[in-house]
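Hello,

Here is the structure you will be working with. Please look it over before reading my notes.

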Amino acid sequence: MIEHEVSILSVDPTQHTLRVRLVSQSACAGCSARKACAMQESQDKEWTVEYPAGESYAVGQRAILVISEKNGFKAVALAYVLPFVCLVGLMFGLSCFTRNELLIGGAALGGVALYFTALAFLRKRLSRSLRYGIKAA
């Protein structure tokens, strides 16, 4: 299981959903010189997560966001691996038919844009298969 500590932003008891925030930090977070370094970065990410009936959560409470390793690998494949394969495959495939690098590059980037557009249209279906869980901290 992959686990991250989150803070709860809002609670919707009618739909049993929580809006949670995860502050992801780079590897610099553990460095003692991070305050003086210009490389420090952190990024807030927000999710809507369903929670089981019978459990109660409050705004500001700390909780643990949980996803199975299988779903984690599936998300990585959909977000990074498949677009890369699409890009490289289109570049090599089109290079067999033409030597126009501008056409090859444009078509490959267009193919990746179509891939992400298809993912956007399939968002609801993907959200049913890529489930996040929540548990009290």
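My notes on helices and surface follow.

This is a predicted model: local features need pLDDT of at least 70, side-chain atom pairs count only at pLDDT 80 or more, and totals for chains, interfaces and linings use all residues. Residues are numbered from 1 along each chain as its sequence is written, and side-chain values use heavy atoms, with hydrogens and water left out.

Start with H2. Helix H2 (residues 101-121) has 21 residues. Helices here are DSSP runs of H or I, at least four residues, numbered from the N terminus. From first C-alpha to last, H2 reaches 30 Å, close to the 30 Å expected at 1.5 Å a residue. That expected span is 1.5 Å times one less than the number of residues.

Its buried residues are Ile 104, Ala 108, Gly 111, Val 112, Tyr 115 and Leu 119. They lie on the same side of H2, because they cover an arc of only 90° around the axis. The arc is taken from the directions from the helix axis to the C-beta atoms. Buried means under 20% relative accessible area, exposed over 50%, partly exposed in between (1.4 Å probe, protein chains only). H1 and helix H3 (123-129) are among what covers the buried residues of H2. The face turned away carries exposed Leu 102, Leu 109, Leu 114 and Phe 121.

Now H1. Phe 84 sits in helix H1 (residues 69-95). Phe 84 counts as exposed because its relative accessibility is 53%.

Lys 74 is also in H1. Lys 74 touches Ser 129 and Leu 130, leaving aside residues up to four places away in sequence; contact means heavy atoms within 4.5 Å.

Best wishes

Note on methods. Helices (H or I, at least four residues) and strands (E, at least two) are DSSP runs, numbered from the N terminus.
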